[in-house]
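Hi there,

Here is the structure I promised to pass on.

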Amino acid sequence: VSSDQTYVPMNDLSRGLARDYDELMAAAASVFRSGYVIRGPHHKKFETSLSELIGVTEAIGLGSGTDALELAMKAAMPKGKSTVLTAANAGGYSSTAARRAGYSVIWADVDPISLCVTADSVAARITDDVGVVVSTHLYGNLTDQTRLVELCRSRGIRLVEDCAQAIGANIEGKMAGTWGDIAAVSFYPTKNLGAVGDGGAVLTSDVELAAQVRQLSQYGWSRKYEVEVGGGVNSRLDEIQAAFLQARLPGLQAANARRRSIVARYVEAAQAQDANVITILPAVGEHHAAHLAVARSPQRARIRELLRGAGVHTDIHFPVPDHFQPGFAQTPGEEVELPETELASREVFSLPCFPEMTESEIDQVCRAISGLR
Ligand SMILES: Cc1ncc(COP(=O)(O)O)c(C=O)c1O
């Protein structure tokens, strides 16, 4: 890289913070003036706004997306069952949450195009002990959940949607987070709706599940200092994060559209390329929140090196599938093969995609893509 070449970063949070500076400072001031720092009026207001936006009756602000997954699983797991079935290509968050909840984890393969689990891939792996299936809308891609919902209902299994990367994605207005029994979202700073720190939420229209999540999020208390149920934790969305998120919520759909338009530019730039060099996963339409711009290449290492030479940073989401992670190993000798998951983990990589990218940065990435040989 020549010294005068500018790098396009994978993300740059300082830009959004600078753009939103006045609103965020006003939100912080409002929290300071209120005197409430946890579970106060800003938290309540944000829960209401979020539930209205998504179209559920209940939203519960929590400390992180991983906490949200854990508490959603604990609330949803039917009595007498203790296995979670999830995707192995989605960064390990649902496996972490399941293990933390004390459950076994097994994995289903993904569809080669959507890279998400399907009713068929899930059906192939269901055992009698599976009580929860997690459907991760990976990269922001909300696939039609109808068959998966039917499958889970018919087997007495609860469907948890992992919407961490897909907030705002919808199919004809039916939002990610409204398909299954219960859903988790993350407000990790790089997410489509990002806090200034950690945060997450559970979404559901089942009042009983919501009550269980609320109770579990506060030590399992029935009332102050009385622990009624086991498995409780301390997980809350800070008042100040709730206020920041409230300030950013109105911009979510425009930001998602901007992300989709960036991915569309990359798709166009890669149009004449051989699939042996690079393809870009499309993110066309509102079912896709375009959280990440994801490319595939059988020559990933070489292609990433060329892009780096052209000043384009890339990353891999995610390089090691869950079933190959030593930290998730549980049943010695159990060999599971997930061919599409494993192939994707060798081929996928992510290009810069965040709403604050400049036109010249997008152009630079496009030139780099079309110049690949
Ligand atoms: C698909 C997915 N699920 C869950 C999470 C966990 O969210 P958090 O980092 O807020 O715990 C993330 C992001 O980190 C994610 O990408």
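Below are my notes on the ligand site and on one of the sheets.

A quick word on the ground rules: this is a predicted model, so local features need pLDDT of at least 70 and side-chain atom pairs count only at pLDDT 80 or more, while totals for chains, interfaces and linings use all residues. Residues are numbered from 1 along each chain as its sequence is written, and side-chain values use heavy atoms, with hydrogens and water left out.

Let's start with the ligand. Its neighbours (residues with a heavy atom within 4 Å of it) include Ser 64, Tyr 93, Gln 165 and Lys 191. Helix H4 (residues 65–76) gives the largest share of this shell, three residues; helices here are DSSP runs of H or I with at least four residues, strands are runs of E with at least two, and both are numbered from the N terminus.

Now the polar contacts, meaning pairs of N or O atoms within 3.5 Å. Ligand oxygen atoms sit 2.8 Å from a polar backbone atom of Gly 65 and 2.6 Å from a polar side-chain atom of Thr 66. On the nitrogen side, a ligand atom is 2.7 Å from an N or O atom in the Asp 162 side chain.

As for the sheet, it is open and antiparallel, with three strands in the order S12-S13-S14; strands pair if DSSP finds at least two bridges between them. S12 (279–280) and S14 (348–351) are the edge strands, each pairing on one side only. Four bridges join S13 (residues 293–296) to S14, and Arg 296 stands opposite Val 348.

Cheers

Conventions:
A polar contact is a pair of N or O atoms within 3.5 Å; within protein, one must be able to donate a hydrogen and the other to accept it, and residues adjacent in sequence count only if both atoms are side-chain atoms.
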